[in-house]
Amino acid sequence: MSPVIDIRNLSARTAVSPILRGVSLSVNAGEVMALVGESGAGKSTIAKAVLGILPAGIRVTAGNILFEGADLLTLPPAKLRDLLGVRIALIPQDPLTSLNPARRIGDQLTDGLRLRAGLTRKQALDKALDLLNDVHIREPERVLKRYPHELSGGMRQRVLIAQAFSLKPHVIIADEPTTALDVTVQKQVLRLIRDMQREHGTTLLFVTHDLGVVAQICDRMTVLYGGKVLEEGATADILANPQSAYTKALLAASPRYDKPEQSLKPVPEALIAELKREIGA
Amino acid sequence: MPLSIIISRALSALVTLLGVMVVVFVLVRVVPGDPIAMMIAPGATEADIAALRAHYGLDLSIWQQFWIWFGQVLQGNLGTSISMKQGVLTIIGQRLPATLELAIFALTMAVVWGGLIALVSTAWRGTWVERAIDNFNGVMLAVPDFIWALTFVLVLGVLVPLLPISGRSDPSIDAGLATQFYIIEGLARGNFAFVWDVLKHMLLPACALAFPLAAVIGRVLKNTMMDVMVQDYITLARIKGLSSIRILLQEALRNAAVPALALTGVQFTFLIGGTVITERIFSYPGIGNLAIDAVINRDLPLIQGLVLTFGIIFIIVNMLVDALTVWLNPRLRHA
Amino acid sequence: MPRDLRIWLGGGFILFLIVVAIFAPLLAPFDPLEQDLMAATAAPGVEPGHWLGTDSLGRDVLSRLIYGTRIALTVAFVAATLACLLGTTLGLLAGYYRGWVDAGVSRLVDIWMAFPPVLLSILLVAVLGAGLTSVIIAIVVIDWTRFARVVRAETLQQARLEYAEAASALGMGRGAILLREVLPNVLPVVLVLLSLEMGIAVIVEAILSFVGLSVSTDAPTWGGMIAEGRQIIYQAWWVLVFPLASLFLTVLAFNQLGDGLRQWLDPMLKR
């Protein structure tokens, strides 16, 4: 069975430095794949490349991104637009800035339903109510009429999750969706994402820097450093038996809620120096 | 918006208006040139002149005069014009509709034209189209209504006479209207030929007034649109697969309009101020044209009445801009 | 060295005007006041020596145009600079000391802005009596608000920045901080406004001449020529065209200079 997303040898750079150095990874249908790495590792860049929203300063220099057979990088913009929202969707990082402050929740939630799925306004609003229930938002009828600034951060993210799943896409990219939330809310939102993913069988590409998150909901994981893939495989395998020294160091540096007395060890300088040499930085 | 803010704004506006009244009152009474001297018939006696002076209250001290006038204004009495021998309120009432229709016509054109400039320039950002529009707009920003008005008179009125350059309508047409709102009443009565004639007369002066405002809107709105287009919610809209036009108009414009509104409001008050000279150039019978004559004739009551009128218009415009800002920005509604 | 073309073009044209104004007696082919009724309302080039034609009294348009530069530039530089000084001072005080100083200045600005500027200027000149000094005073009295508003806003922002607080911590007096720390950072904005204001001053003088309230009607001003030109527009359109074009180019030059300065000084403006 061919993977839903197949990234082959993707390289990208800014004018002054490389961002991605020949990244290859593939995600199969129904999988939850984590893209793990620290800031600047390139995980966000990969996500943006898939969605076609790379910022002006970043150029793809080599590679393909195959999605259900088509190369997203060479698709004409009109065809790409057809895919976006319907077959590929995004759960963005910052719920505060990702919702239009001047439009009601109901309008924003039903955009896709009305414009791409051809529902009438009433049908779309009914469906939106169902969606809000799915993401466990209380009093959904009132929420539909509200503006984003009237909701809490957690509620806004639930709305964005509902929006992402609304047209039942094949793939959803989650770009650090819990980073901007309170710790108390993070766990609930994560669980929600996992439940909805299981229910719809959506393929999920999960960008994160938090190994705890990876452990909770991701089936497979790809570890990135400096734009290169260091390690890749089933989450359980890698966490139990990390092959790369970097992954080991990451694990040692991550807080373990089941062993709170264990002290955190930062990634050693020498290791970083060696990694940099490895990737040729 | 909470009631307290509305009330405090209204009070503030009234204080400003009071300040305006005081300033103009004092200013006008420092005018050299005796207004009475212009009114007396030859052979009038000292007693006649004194009586006339007393009639207009010009023999009292400034503060007494102000109190009297202030009291009168509160009762709706703006006095009698020295040069035109009619009630000031009546005179202004007759000429105000012409200026209002002109200003609103100009405002509409400016918003449409300026909005288009901003939207097209944003839609084609990064290309030569954007640079061309921005440069063209930059040049337009430099040209004041005075120069536009004279250029139109020259080019479109004389060299290539396409449009009338004086008056409000063809004097030979009598539309038999009850009010001075030619356009509104003309449309209501279905007299389209007349309305067309009035519009032709209004077009050049309105354009002269509109172009500077359009240039300002073009620049300010373009800047706010560019700020908005890089926001996360616009990126998400793109990822939702919405079309460029929809993103521009439905997602971005509402957010971009709000910060542009305040400056547009200020510029609109300049537009209203511009009616003074523009009406003069086009011999258009509004309150702007009237104001110049009033000053030349040292017609104190009329000058005061006109400045008061302009002041009230400015204040109303500012209040409307405030209200519009709240309406467009949901966050302010629940402050 | 600024590379922005607008600074060079705008500034260049202004310099050109300054040269014309200074050397007017040498450049003008005729005496601007000399009337020649035999050659009245002659089209450009018709009468010998009158390149741009004559007006209804037979006066040479080109010469009057050249001498008109003097009035235009005098008003531009003097009025704009004075308005700038007055407005900037009040703006600095309001923005830095805040409190009732700010309340007072802001209220004053509000009242001022509730007047239609042209009407106010006409009123003022009528009060003060026609003449160049009155025109300059009128411009200063009306347009100081332009500077005050912007400088106040800038000062409010600047005064909050770290360097002002640092200076305060070092024991610098408030007046000293205002002059030595805040003012230099506000200066770029002021310079841009000054350039724009010069263009506005020229326009106001032209409008006042147009209404007959500037210098005496005999003296050559662009506004006066425009007024006459409007009167006889059907007979002698050139009397209107040339001063109008000069006015347009002058205002455009000041504007482009201002725009160019704004762009060039932008890295300094960005904090």
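Of the 335 residues of chain B, 42% are buried, a residue being counted as buried if 20 or more other C-beta atoms, placed from the backbone, lie within 10 Å of its own. The model is predicted: local features need pLDDT of at least 70, side-chain atom pairs count only at pLDDT 80 or more, and totals for chains, interfaces and linings use all residues. Residues are numbered from 1 along each chain as its sequence is written, while chains are lettered from A and ligands numbered from 1 in the order in which they are written.

Chain B contains 14 helices and zero strands. Helices (H or I, at least four residues) and strands (E, at least two) are DSSP runs, numbered from the N terminus. The C-alpha atoms of chain B occupy a box of roughly 85 × 55 × 40 Å along the principal axes. Of the contacts in chain B between residues at least 6 apart in sequence, 73% link residues at least 24 apart; a contact requires that the C-beta atoms of two residues, placed from the backbone, lie within 7 Å.

Chain A contains an open sheet of four strands in the order β2-β1-β4-β5, with antiparallel pairing. Two strands are taken to pair if DSSP finds at least two bridges between them. The edge strands, each pairing on one side only, are β2 (18-27) and β5 of chain A. Strand β1 (residues 5-13) of chain A is joined to strand β4 (residues 59-67) of chain A by seven bridges in the antiparallel sense, and I5(A) stands opposite F67(A) of β4(A). F67(A) also has A70(A) in β5(A) as a bridge partner. The antiparallel strands β4(A) and β5 (residues 70-71) of chain A are connected by two bridges. Their hairpin has two residues between the strands, and E68(A) in this hairpin adopts a positive phi near 45°.

A further open sheet of chain A has six strands in the order β6-β7-β8-β3-β9-β10, with mixed pairing. Its edge strands are β6 (88-91) and β10 (228-234) of chain A, each of which pairs on one side only. From one strand to the next the twist averages 15°. For this and the following angles, axes are lines fitted to C-alpha atoms, for helices over the stretch in contact, and angles run from 0 to 180 degrees between N-to-C directions. Within the sheet, strand β3 (residues 32-36) of chain A and strand β8 (residues 203-208) of chain A pair in the parallel sense through five bridges, with A34(A) opposite F206(A) in β8(A). Helix α1 (residues 43-51) of chain A packs on the sheet and touches β3, β6, β7 (171-175), β8 and β9 (220-225) of chain A; the direction of the helix makes about 145° with that of β7(A). Helix α6 (residues 153-165) of chain A also packs on the sheet, where β6 and β7 of chain A are touched, and the helix direction makes about 175° with that of β6(A).

The contact between chains A and B takes 21 residues from chain A and 15 residues from chain B. On the side of chain A that touches chain B, helix α3 (residues 105-115) of chain A gives the most, with three residues. By class, this side has 11 nonpolar, six polar and four charged residues. Ala, Val, Leu, Ile, Met, Phe, Trp, Tyr, Cys and Pro count as nonpolar, Asp, Glu, Lys and Arg as charged, and the others, Gly among them, as polar.

Between chains C and B, 33 residues of chain C are in contact with 35 residues of chain B. At least two residues of the side of chain C that touches chain B come from each of α4 (99-113), α5 (117-128), α8 (174-210), α9 (222-231) and α10 (238-264) of chain C. The largest share of that side, nine residues, is supplied by α10(C). The side divides into 26 nonpolar, three polar and four charged residues.

Within chain C, the axes of helix α1 (residues 5-22) and α10(C) come within 7 Å and cross at roughly 140°. The two helices α1(C) and α10(C) are therefore oblique to each other, where angles under 35 degrees count as roughly parallel, over 145 as roughly antiparallel, 65 to 115 as roughly perpendicular and the rest as oblique. The contact of α1(C) with α10(C) comprises 11 nonpolar, five polar and two charged residues.

Methods
Buried ≥ 20, exposed ≤ 12 C-beta atoms within 10 Å, placed from the backbone.
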